[in-house]
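This briefing is for a reader meeting the structure for the first time.

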Number of protein chains: 2
Amino acid sequence: MSTEFTISDLSAEFDITTRTIRFYEEKGLLAPRRKGSARIYSPADRARLKLILRGKRLGFTLDESRSIIEMYDPAHGNRDQLHSLLTKIREKQDHLKQQLHDIEGMMLDLQDAEEKCLDALDGADGTD
Amino acid sequence: MSTEFTISDLSAEFDITTRTIRFYEEKGLLAPRRKGSARIYSPADRARLKLILRGKRLGFTLDESRSIIEMYDPAHGNRDQLHSLLTKIREKQDHLKQQLHDIEGMMLDLQDAEEKCLDALDGADGTD
DNA sequence: ATCGAGATTGACGTTAACGTCAACGTTATC
DNA sequence: GATAACGTTGACGTTAACGTCAATCTCGAT
């Protein structure tokens, strides 16, 4: 069945070590249930892991990823807490917009470099 | 004149420490000219620094940023080198595409979280 | 001459995010 | 019931990217 996963299932699927997964747990990013001493991961745990790895690909620290993940779960606070949550959400959105901008710029630069590279290859065509 | 910069000029402009700038030099990412023992940065040096910081915002390591920056300068190699450069350029493009995809996903998640948050604030309107 | 503001070179300290053992428990299978 | 395959908890090691001194230099203003 696909409703439960061992630590090595996940490490194989996402190509990370079991040490890494345990490390995320130490840091409070995961909390799988136990069967004896062994860890059993639910689909929800697996989804959290995916979010962590996505954060990693975007250069977020684990602390940042944790706080981002916490933004996704049900509202559990009073007005003040909700307001500060909203602020944090918008800060992350701004961060992502900056990243989008940076990616655009770098994409253009790389396209430029690619063209120059192709030109150089073209100009030297057969000239070896 | 704006044609030369001291290390503290740049540290002030980009809000980083001088130690950081010297560190980038140690790592071979910058090579300012010297006036006696003091470092003098040209607009080109400043541009390189901007590229480094952009890479940082996208989660690249300094090694990665260095190799990306090296992709931008004139073609200086033979066909084989140009081909491997082209390969590296396309790898970075793929990396950026993955990041774009990740950002899209996270944006959607955050919008979702934002709505839930607003709903919660709305539902509890005046209910304090 | 000196004095303070900014520069330079070491050299050691720090944090995040794991890697790398070592020593031990748990199953299932032969 | 021994062995192999997988799991567990420490505990220490490692790398990147700086921070944090300390000692020295240099240079224009007083």
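How far does a polar side-chain atom of A:Ser8 lie from a phosphate oxygen of DNA strand D? The distance is 2.5 Å. The model is a predicted one, and the points below are grouped by topic.

**How the two chains are related**
- The same surface serves both copies, since 100% of the contact residues of chain B recur in chain A.

**Around DNA strand D**
- There are 16 residues around DNA strand D, and the nearest are A:Ser8, A:Arg39, B:Thr17, B:Tyr24 and B:Leu62.
- Sugar or phosphate supplies 74% of the atoms of DNA strand D within 4 Å of the protein, and bases supply the rest.
- Phosphate oxygens of DNA strand D are also approached by side-chain N or O atoms of A:Thr6, at 3.5 Å, and of B:Lys56, at 3.1 Å.
- Helix H1 (7-14) and strand S2 (38-40) of chain A, with helix H2 (18-26) of chain B, each give two or more residues to this surface.
- The most come from H2(B), which gives four residues.
- By class, the surface has five nonpolar, six polar and five charged residues.

**Around DNA strand C**
- Of the 16 residues around DNA strand C, the nearest are A:Thr17, A:Tyr24, A:Leu62, B:Ser8 and B:Arg39.
- Of the atoms of DNA strand C that come within 4 Å of the protein, 74% are sugar and phosphate.
- For A:Lys56, a side-chain N or O atom is 3.1 Å from a phosphate oxygen of DNA strand C.
- Two or more residues each come from helix H2 (18-26) of chain A and from helix H1 (7-14) and strand S2 (38-40) of chain B.
- H2(A) gives the most, with four residues.

**The largest nonpolar core**
- This core has 34 residues, and A:Leu96, A:Met106, B:Leu96 and B:Met106 have the most contacts inside it.
- Helices H4 (62-72) and H5 (79-123) of both chain A and chain B give two or more residues to the core.
- B:Met106 touches residues of chain A, including A:Leu58, A:Phe60, A:Ile68 and A:Leu96.

Terms used
Residues are numbered from 1 along each chain as its sequence is written. Chains are lettered from A and ligands numbered from 1 in the order in which they are written. This is a predicted model: local features need pLDDT of at least 70, side-chain atom pairs count only at pLDDT 80 or more; totals for chains, interfaces and linings use all residues. Side-chain values use heavy atoms; hydrogens and water are left out. Contact means heavy atoms within 4.5 Å. A residue is near a molecule or strand if one of its heavy atoms lies within 4 Å of it. A polar contact is a pair of N or O atoms within 3.5 Å; within protein, one must be able to donate a hydrogen and the other to accept it, and residues adjacent in sequence count only if both atoms are side-chain atoms. Ala, Val, Leu, Ile, Met, Phe, Trp, Tyr, Cys and Pro count as nonpolar, Asp, Glu, Lys and Arg as charged, and the others, Gly among them, as polar. A nonpolar core is a set of buried Ala, Val, Leu, Ile, Met, Phe, Trp, Tyr and Cys residues joined through side-chain atoms within 4.5 Å. Buried means under 20% relative accessible area, exposed over 50%, partly exposed in between (1.4 Å probe, protein chains only). Lists of a residue's contacts leave out its neighbours within four places in sequence.
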